[in-house]
Amino acid sequence: MTPAAAVISPPADPVRARTEDAPAASAALDATPDVLIVGGGPAGSTAAILLARQGWKVTLLEKDAHPRFHIGESLLPMTMPLLERLGVLEQVRAIGTLKLGADFPKDGGGYNTFRFSRALEAKADFALQVPRADFDRILFEQARAEGVDAHERTAVTGVAFEGEQPVVSVRQGEQVHTLRPQWLLDASGRDALLGSKLKLKRKNPHHQSAAVFSHYTGVARRPGEDAGNISIYRHRHGWMWLIPLPNDVMSVGAVCFPDYLKTRQGDLGRFLDQTLALNEEVATRMAGATRCAPVHATGNYAYECTQMSGARWLLLGDAYAFVDPMFSSGVFLAMHSAERGAQMVDAALRAPARAPRLRRQLQRHLDAGLDEFKWFIYRFTSPTMRHLFANPRDVLDVESAVVAMLAGDVFEAPRVTRRLRVFRAIYAAHVLIMVPQALRAWRRRRRQRVEGFDGETLQPGAEGSA
């Protein structure tokens, strides 16, 4: 698969999602679908498409209406083959910006570009930056085209179990419905519908942070073919992202530790601007930039559920776990879990006796990939990781393996994971050399875990505006 020139065909308003013109959900709801999926984002639509292709009756429910605003605009190369399998790659190209790599700061200024073409055993050498409102809409419409009974503005108001039978209460306009699917798939994202109901959701004990973000025009882009790459920066209270989108829009955000967030005074927009000014290179790129969207904030940024599935239910994507999106892993992890989850549910519907073993295999598979990302994320702000990313060396294909990880190639990729273990050994050796700095960083991370953060400092709401 080779990259094509970025085609910019943005919606009339690329920043704010407008739901008032979206089509209303159809009135009829199948009371006994084979599979009921809650959540019409990337995970829900992916699972719906694949299960419908297997001949199952699939109902997909979205509480809002497309297009709607969502963060998580940077895709990984490993998402591209999946989009091709879903039949939407060309549509996504048409609304996206070409992304050939990711860049990280160098010691003393400048940056290193980690090009996806250098990934070990690269399966795709490009990705896309996408306005999520349009990306999610494309996937949802594809689900409808595949025969999925897809409903918008349809909210789940309750879930119960009669033995193993899921019983789901749904409100659609003024009507209330009761659905009894054979399988219930929760793709509700950070709402974590089932995880919250079943008391499975917990804060990630290793990584507490929150994000403040918005969209801007007039932000300087990298030169040449690097113009579409994501840029990752550190600041003394966390890290920042710059994601180029079509129409001169740049998604800009800061992920911050709890102790810094508690110092916020004034409105959210001023707080974001003050935070971005902490990094000199970010401030330089944003000189003269204009904010063109509300400022959003979200707390409780990293969490996980203690169980992924039960007798006839399954958690997909962010409904199961949300890791700090430092390496843009969110959409890929959601869609990969949906693809593998759809395979598992299809097999379980055909041979129910195999379901327990299939569920265990699925959780082991997904947890293994999640753990590869988590290991890097937990250490990214440490002095040791800063030094290694600023001074990459491809000894024994280790750098190529790190690029493969950045591309999302962490599932069933033994050559990659073996070299990532070599990287861990190199990291450990450098920690011994840099003990004083590492000890200070460890103490700070421990303080973050003890203090925690619930998002209240960033109120009003999970998504405030300035």
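These are my notebook entries on a predicted model, written for someone opening it for the first time.

**Entry 1: ground rules**

I number residues from 1 along each chain as its sequence is written, and side-chain values use heavy atoms, with hydrogens and water left out. Since the model is predicted, local features need pLDDT of at least 70 and side-chain atom pairs count only at pLDDT 80 or more, while totals for chains, interfaces and linings use all residues.

My helices (H or I, at least four residues) and strands (E, at least two) are DSSP runs, numbered from the N terminus. I call two strands paired if DSSP finds at least two bridges between them.

**Entry 2: the open sheet**

I began with an open sheet of 6 strands, whose order is S7-S2-S1-S11-S21-S20 and whose pairing is mixed. Which strands sit at its edges? I found strand S7 (149–151) and strand S20 (309–310) there, each pairing on one side only.

Next I looked at strand S2 (residues 58–61), which runs parallel to S7 and is joined to S7 by 3 bridges.

Helix H1 (residues 42–53) lies across strand S1 (35–38), S2 and strand S11 (183–186), at about 165 degrees to S2. For contact I used heavy atoms within 4.5 Å; axes are lines fitted to C-alpha atoms, for helices over the stretch in contact, and angles run from 0 to 180 degrees between N-to-C directions.

I moved on to strand S9 (residues 165–172), where 6 of the 8 residues are buried. My scale for this is relative accessible area: buried is under 20%, exposed is over 50%, and partly exposed is in between (1.4 Å probe, protein chains only).

Strand S8 (residues 154–162) runs antiparallel to S9, with 8 bridges joining them, and Phe161 stands opposite Pro166. Their hairpin has 2 residues between the strands, and Gly163 there takes a positive phi near 70 degrees.

S9 also runs antiparallel to strand S10 (residues 175–179), through 5 bridges. Here Gln172 stands opposite Gln175. This hairpin too leaves 2 residues between its strands, and Gly173 in the turn has a positive phi of about 65 degrees.

How many residues of strand S15 (residues 238–245) are buried? I read 8 of its 8.

S15 pairs with strand S14 (residues 230–235) in the antiparallel sense over 5 bridges, and Ile232 has Trp241 as its bridge partner. S14 and S15 form a hairpin with 2 residues between them.

S15 is joined to strand S16 (residues 249–256) by 8 bridges, again antiparallel, with Val255 as the partner of Trp239. The hairpin of S15 and S16 has 3 residues between the strands, and Asn247 takes a positive phi near 65 degrees.

**Entry 3: helix H9 and the cores**

I checked the length of helix H9 (residues 330–350). Its end C-alpha atoms are 30 Å apart, which agrees with the 30 Å that its 21 residues should span at 1.5 Å a residue; the expected span is 1.5 Å times one less than the number of residues. In H9, 17 of the 21 residues are buried.

Asp346 lies in H9. Is Asp346 buried or exposed? Asp346 counts as buried because its relative accessibility is 12%. Leaving aside neighbours within four places in sequence, I found Asp346 in contact with Leu51, Gln54 and Trp56. The side chains of Asp346 and Trp56 make a polar contact at 2.7 Å (a pair of N or O atoms within 3.5 Å; within protein, one must be able to donate a hydrogen and the other to accept it, and residues adjacent in sequence count only if both atoms are side-chain atoms).

I then looked for nonpolar cores, meaning sets of buried Ala, Val, Leu, Ile, Met, Phe, Trp, Tyr and Cys residues joined through side-chain atoms within 4.5 Å. The largest has 120 residues, and Leu83, Trp183, Leu185, Phe327 and Phe376 have the most contacts inside it. H9 gives the largest share of this core, 12 residues. Another core lies apart from it, with 21 residues, including Tyr216 and Leu242.

**Entry 4: Asp267**

My last stop was Asp267, in the loop between helix H6 (258–261) and helix H7 (268–276). Asp267 counts as partly exposed because its relative accessibility is 33%. The Asp267 side chain reaches the backbone nitrogen of Arg270 at 2.7 Å, and one of its polar atoms lies 2.9 Å from the backbone nitrogen of Gly269.
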